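Dear colleague,

I am handing over the structure we spoke about, and I would be grateful if you could look through it alongside the notes that follow.

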Amino acid sequence: MFEDLKAQKPDGILMLMQMYREDARDDKVDLGVGVYKDAAGHTPVMRAIKAAEQKVWETQDSKSYVGLAGAPDFNDAMVKLVLGDALPRDAVNSVATPGGTGAVRQAFELFKMANPGGRVFVSNPTWPNHLSILDYLALETVLYRYFDDTTRGVDFDSLIEDLKQARKGDLVLLHGCCHNPTGANLTGPQWDEVIKVLQDTGATPMIDIAYQGFGDGLEVDAAATRKVAAAVPECLIAASCSKNFGIYRERTGILMMVANGTDKGIAQGTLNFLNRQNYSFPPDHGARLVTTILNDDALRADWMAELEEMRIGMLTLRETLAKELEQRSGSNRFGFIAQHRGMFSRLGASPELVVKMREESGIYMVGDSRMNIAGLNAQTVPVLADAIVKAGV
Ligand code: PLP
Ligand code: TYF
């Protein structure tokens with residue numbers, strides 16, 4: 001039977017990683033996969049994670065199963081980190097998941113269980129895995145306009161026009177902060193307008209927040225998620241610990257579900273059921289490290305300080321790149337790079353120019369011209385600026 005299997009479409013970002021590895025040039029620049037890198041191009045284990053690992057190693061006396069929803073103290077700490085005081089704790093149902101992707105997958109499955117005929121509105125563009133998981137689950141997807149190719153900002157009027165087409169029973173997927181792949185984000189007042197549309201249409205929001213702390217800071221980056229969660233009767237939130245704790249391979253994330261008006265036992269029980277069907281108990285090691293950090297004042301302060309160093313470093317790279325491009329192009333048309341937030345910026349170059357920059361200058365960005373800003377350093381910013389101007393972007 002397996003001979004009937006068809007080749008699956010590979011992930012373009014992971015393919016690019018492979019191409020980069022195979023490129024023999026030593027001046028090549030990796031702006032591909034969304035992994036934080038320091039100035040030496042290394043993805044470090046954060047100091048607080050190292051300390052938490054030591055603490056867990058010294059004190060953990062069992063590796064027995066935890067619970068289907070994951071450790072309660074992990075759930076509490078993460079709900080607090082993401083939602084702050086926006087909602088009382090018992091208004092939020094939650095389960096630990098394998099990474100943010102696990103949370104996204106569980107959220108879509110939950111939606112499909114609750115409303116098999118519902119549609120999922122996703123930004124155009126969005127993270128490719130959103131689309132491929134939706135397609136795999138055979139959920140109807142509706143793209144809403146998001147990015148303005150001219151300004152490289154959010155095409156807000158079109159976004160609102162498209163979101164008004166959603167209705168009760170539809171799911172509207174929003175990026176909580178640091179939009180992947182564009183780097184263009186809604187302002188506070190724009191979020192208020194989106195909330196108004198959600199309230200008017202009755203559509204259910206789902207927020208994917210994978211980069212809290214990478215944009216304008218831990219609190220500011222969570223502000224929109226908190227505002228949405230407090231303003232609507234039902235919502236889903238998928239959060240990842242991969243980036244802000246630097247624990248990519250540990251697979252640590254959480255799905256939160258606000259379901260006012262639904263029996264709490266049924267809401268939480270359904271989340272637990274979905275975990276049980278898909279992988280039973282969620283991974284605990286990364287979750288234990290995160291909990292150890294969030295519940296220890298000194299570790300938490302050190303984690304926040306290192307995260308802030310990373311954020312400021314990326315912001316500085318953005319500003320330097322925008323400045324270097326202004327000098328070389330004699331225009332401020334690249335100013336959007338300093339306005340974008342998070343790891344990514346969509347440059348707005350054609351696929352042909354992306355290939356040209358890769359072949360001629362060894363610059364590896366994703367085919368849609370998404371650049372991982374953390375892939376740069378003081379030496380490679382001018383190299384990239386030269387390549388962009390030389391390619392005629
Ligand atoms: N959502 C978005 C938008 C992402 O960019 C990522 C990135 O990896 C994730 C979710 C999930 O990440 P992970 O499953 O590694 O936690
Ligand atoms: O968008 C990114 O680069 C990150 C990492 O299949 C990633 O979110 C990329 C591809 C993938 C899983 C994660």
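How many bridges join strand β5 to β6, and do the two run parallel or antiparallel? Please bear in mind throughout that this is a predicted model. Strand β5 (residues 171–175) is joined to β6 by 5 bridges, and the two strands run parallel; within this pairing, His-175 has Asp-208 of β6 as its bridge partner. Between β5 and β6 the chain passes through helix α7 (residues 188–201), in a β-α-β crossover that is right-handed.

Strand β6 is also joined to strand β7 (residues 234–240), here by 4 bridges and again in parallel, with Ile-207 standing opposite Ile-237 in β7.

As for β6 itself (residues 204–209), the strand is mostly covered, 6 of its 6 residues being buried. In a regular strand the side chains alternate between the two faces of the sheet. Here Thr-204, Met-206 and Asp-208 point one way, while Pro-205, Ile-207 and Ile-209 point the other way, and all of them are buried.

Turning to ligand 2, the residues around it are Asp-11, Ile-13, Leu-14, Val-33, Gly-34, Trp-127, Asn-129 and Asn-180, a shell that divides into 4 nonpolar, 3 polar and 1 charged. Because domain 1 (11–45 + 312–391) and domain 2 (65–295) both give residues to this shell, ligand 2 lies between them.

With kind regards

Key: Residues numbered from 1 in each chain as written. Chains lettered and ligands numbered in written order. Predicted model: local features only at pLDDT ≥ 70, side-chain atom pairs only at ≥ 80, totals over all residues. Near = placed C-beta within 6 Å. Nonpolar A, V, L, I, M, F, W, Y, C, P; charged D, E, K, R; others polar. Domains from an automatic or database assignment. Buried ≥ 20, exposed ≤ 12 C-beta atoms within 10 Å, placed from the backbone. Pairing = 2+ DSSP bridges. Right-handed = clockwise from strand over helix to strand, strands pointing away.
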